[in-house]
Amino acid sequence: MHEKALIPNLFRTEYRKIVSVLCSTFGIDHMEIAEDIVSDTFLTATETWSINGIPENPTAWLYTVAKNKSKNYFKRDSLFHQKISTEIKYSSSDYEEFEIDLSQKNIADSQLAMMFTICNPSISKDSQISLALNLLCGFGTQEIADAFLVNKEVVYKRLKRAKEKLKTDGIKIEQPSISQINTNLETVLTTLYLLFSEGYYSTSQNTILRKDFCQEAIRLTSILIENKTTNTPATNALLSLMYFHSSRFNARFNEKGESILYEEQDDNLWDNDLIEKGIYYLNQSATGNFLTKFHLEAAIAYWHTKKKDTDEKWENILQLYNQLLQIEYSPIAALNRTFAFSKVRGKSEAISEAEKLKLLDNPFYYSLLGHLYTDIDNAKAKQNFEEALRLSNSSSVSDTLRKYIEKL
């Protein structure tokens with residue numbers, strides 16, 4: 001691979017690993033130092049490789065340089081030494097014997113520890129997602145800002161406040177105990193679910209970035225699957241849900257970036273390998289006695305991989321949404337449930353169900369009503385589509401709504 005392509009690729013894959021290990025080694029108070037050391041490592045790589053060429057094993061080169069820079073910093077910075085010497089997870093006080101463990105096992109352990117640290121209830125969900133994208137996935141502040149459709153400065157301040165809060169609360173970066181896993185795993189899974197959703201449902205026009213977010217959420221959830229203590233039915237259900245949704249990613253938008261409704265998608269663009277993985281993890285989740293929202297959403301997503309309309313399909317989806325809304329109400333789930341209701345009971349009954357929701361500030365509410373009224377009362381259909389268009393903040397969704405209005 002050419003140097004210009006190799007370094008960004010390595011930055012994405014290796015930055016997160018080295019940062020996790022250094023943060024885990026140095027402690028929560030020294031996260032910025034860990035980030036600086038890793039950034040400096042990649043700067044050195046850029047400068048050196050442009051002169052000497054790419055080394056035979058670039059990853060090993062990065063690990064060696066990161067270790068040396070950590071050791072050098074530890075030696076020369078007396079304040080850092082005084083503060084961190086009690087935190088370093090090595091018994092020797094001899095600088096020369098100080099070593100950063102970048103073995104695959106310690107990388108996996110450190111990333112798991114970082115997940116439970118970042119996904120802490122003391123900071124907001126937006127902050128958890130931003131920290132996960134930054135520290136666990138290697139995304140820069142500009143990329144995160146692009147996905148959230150906010151200013152770069154907003155993300156920078158969000159990251160800074162979140163780190164300060166974790167420090168103030170004395171949160172430790174450590175392997176989670178069984179009791180911590182039992183208490184906090186649901187929070188971790190919810191953050192990963194939201195991270196995936198940020199990529200899957202984002203209105204950002206950057207398709208590559210949105211895909212990357214989804215893939216990173218899958219990678220982090222897979223780390224939980226690989227660890228015996230976090231490989232739970234709920235974790236498997238979440239990974240199943242992610243694979244089912246990802247299987248239809250390429251069919252959800254046309255070449256102009258306009259959204260394509262489920263019923264109009266080309267199922268030839270669905271990824272059958274990802275569907276098979278979804279089925280595998282859905283089966284793996286079918287143990288234990290506790291039904292989570294991830295189980296229900298994964299089952300709903302499974303039925304959506306069956307393109308053919310059947311009574312069995314929509315009846316199952318409707319009943320699953322009924323259960324989901326009892327566990328956790330959300331406006332989107334209520335709207336989706338109403339769509340399934342229309343497939344089972346017909347549009348006329350579904351209209352009265354939809355209007356009971358009164359989600360008057362939600363563009364998807366009016367979009368659904370527009371579809372339900374189409375061919376029943378096209379004037380009302382147009383009125384609802386126009387209201388959805390007025391409330392929409394997505395250019396691709398707005399373009400799609402204009403097409404529906406033109407057809408009426």
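## Close-up views of the predicted model

**View A. Tyrosine 365 is buried, as is tyrosine 366.** The model shown here and in the views below is predicted. It contains 17 aromatic pairs. Tyrosine 280 and tyrosine 281 make one of them, an edge-to-face pair with 4.9 Å centre to centre and 85° between the planes. Tyrosine 280 is partly exposed, at 45% relative accessibility, whereas tyrosine 281 is buried, with a relative accessible area of 17%. Tyrosine 365 and tyrosine 366 also form a pair: their ring centres are 5.1 Å apart and their planes lie at 70°, so the arrangement is edge-to-face.

**View B. Ring pairs join Phe196, Tyr200, Tyr201 and Phe249 into a cluster.** Tyrosine 200, a member of this cluster, has arginine 252 over its face, at 4.0 Å from the ring centre.

**View C. Arginine 158 is placed over the face of phenylalanine 148.** The distance of arginine 158 from the ring centre is 5.0 Å.

**View D. Helices H14 and H15 cross in a left-handed manner.** The axes of H14 (residues 311-327) and H15 (residues 331-345) come within 9 Å and cross at roughly 150°. H14 is therefore roughly antiparallel to H15. On the H14 side, the contact is made by residues including Trp314, Ile317, Leu318, Tyr321 and Leu325. H15 contributes, among others, Ala333, Arg337, Phe339, Ala340, Phe341 and Val344.

Terms used. Residues numbered from 1 in each chain as written. Predicted model: local features only at pLDDT ≥ 70, side-chain atom pairs only at ≥ 80, totals over all residues. Heavy atoms only, no water. Phe/Tyr/Trp six-rings, centres within 6.5 Å; stacked < 30°, edge-to-face > 60°. Buried < 20%, exposed > 50% of the residue type's maximum accessible area, 1.4 Å probe, protein only. Lys NZ or Arg CZ within 6 Å of the ring centre and 35° of its normal. Axes fitted to C-alpha atoms, helices over the stretch in contact; angles between N-to-C directions. Helix = DSSP H or I, 4+ residues; strand = E, 2+ residues; numbered from the N terminus. Parallel < 35°, antiparallel > 145°, perpendicular 65-115°, else oblique. Left-handed = near helix turned anticlockwise from the far one by under 90°. Contact = heavy atoms within 4.5 Å.
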